[in-house]
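Please read it with the coordinates open.

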Amino acid sequence: VCLAGSEKAFYVTGSHGVGKKHGDFQPLRCGIYRVPCDPEKGTILTAEISRSSLLPWLENSREFGASIRRPLQQNGFNIEGIAHASGYLYFGVRAPSLDGKAFIIEVRADDLFHQQGSGITPRVHPVPLGVDTGIREIAAVAGGFLILSGSAAAGGSGREDSSFALSFVPSAG
């Protein structure tokens, strides 16, 4: 979940991954929601909530296509963080982790919700975090992002999930 104060909205993302226990595909995990709010009243504008997904783009992407619908333990695709900055959404990718790099997916928020996932052209930013290390949370800060990183596959794999690091990643160009 992230706040887009300038838009008076929250953004919420699902993992776009499969279930940990059974490796089953669950379409509800592939949703991204824009949740408008009225900050003066402190209410959510439920009639204006909209949904989109990265799944149509992911399935055809060079970077992630082979990882879609695969279990996390097999380097299957999984999002674990979302941030908003200057009209763009940034998704922290837990897995796949390839050649010591994790990834941030950047997409213009309006494009994602107006084009409903098809025809969007996200940018993929590799982030050198180390072997088998993925992004576990991402937060927009002045000049870039704070990244909490940890094991890309721990959890359902039986691997211990006890080593985390905090990094600053500057904004790309």
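The points below go from the overall fold to single residues.

1. **Basis.** This is a predicted model, in which local features need pLDDT of at least 70, side-chain atom pairs count only at pLDDT 80 or more, and totals for chains, interfaces and linings use all residues. Residues are numbered from 1 along each chain as its sequence is written, and side-chain values use heavy atoms, with hydrogens and water left out.

2. **Elements.** The protein has two helices and 12 strands. Helices (H or I, at least four residues) and strands (E, at least two) are DSSP runs, numbered from the N terminus. From the N terminus on, the order is β-β-β-β-β-α-β-β-β-α-β-β-β-β.

3. **Overall dimensions.** The radius of gyration is 16 Å, close to the 16 Å that the globule rule gives for 173 residues, so the protein is as compact as a globular protein of that length. The radius is taken over C-alpha atoms, and the rule is 2.2 Å times the number of residues to the power 0.38. Along its principal axes the C-alpha trace spans about 45 × 35 × 30 Å.

4. **Surface and contacts.** The protein exposes about 8800 Å², and carbon and sulfur atoms supply 52% of that area. Areas come from the Shrake-Rupley method with a 1.4 Å probe; for residues, only the protein chains shown count as cover. Of the 173 residues, 45% count as buried. Buried means under 20% relative accessible area, exposed over 50%, partly exposed in between (1.4 Å probe, protein chains only). Among contacts (heavy atoms within 4.5 Å) between residues at least 6 apart in sequence, 46% join residues at least 24 apart.

5. **Cores.** The largest nonpolar core holds 25 residues; Phe 64, Leu 89, Phe 91 and Leu 112 touch the most other members. At least two residues each come from β1 (2-4), α1 (55-60), β6 (78-85), β7 (88-98), β8 (101-108) and α2 (109-114). A second, separate core has 11 residues, including Ala 83, Val 127, Ile 135 and Ile 147. A nonpolar core here is a set of buried Ala, Val, Leu, Ile, Met, Phe, Trp, Tyr and Cys residues joined through side-chain atoms within 4.5 Å.

6. **Four-stranded sheet.** An open sheet runs β6-β7-β8-β9, with antiparallel pairing. Two strands pair if DSSP finds at least two bridges between them. Strands β6 and β9 are the edges, each pairing on one side only. The twist averages 25° from one strand to the next. Axes are lines fitted to C-alpha atoms, for helices over the stretch in contact, and angles run from 0 to 180 degrees between N-to-C directions. Seven bridges join β6 to β7.

7. **Three-stranded sheet.** The order is β10-β11-β12, open and antiparallel. Its edge strands are β10 and β12 (165-170). The twist averages 30° from one strand to the next. Eight bridges join β10 (residues 133-141) to β11 (residues 144-151). Ile 138 stands opposite Ile 147 in β11, and Val 141 has Gly 144 as its bridge partner. Two residues lie between the strands of this hairpin, where Gly 143 takes a positive phi near 85°.

8. **His 84.** Leaving aside neighbours within four places in sequence, His 84 contacts Cys 2, Leu 3, Ala 4, Ser 6, Glu 7, Tyr 11, Leu 89 and Ala 140. His 84 and Tyr 11 are 73 residues apart in sequence, yet 8.0 Å apart in space, C-alpha to C-alpha.

9. **Prolines.** The Ala 95 to Pro 96 peptide bond is cis, with omega near 10°; Pro 96 is in strand β7. Pro 122 lies in the loop between α2 and β9 (123-128) and is buried, at 13% relative accessible area. Not counting residues up to four places away in sequence, Pro 122 touches Trp 57, Ile 105, Glu 106 and Val 107.

10. Asn 75 has phi near 60°. Asn 75 lies in the loop between α1 and β6 and is partly exposed, at 24% relative accessibility. Ser 86 has phi near 50°. Ser 86 sits in the loop between β6 and β7 and is exposed, at 74%.
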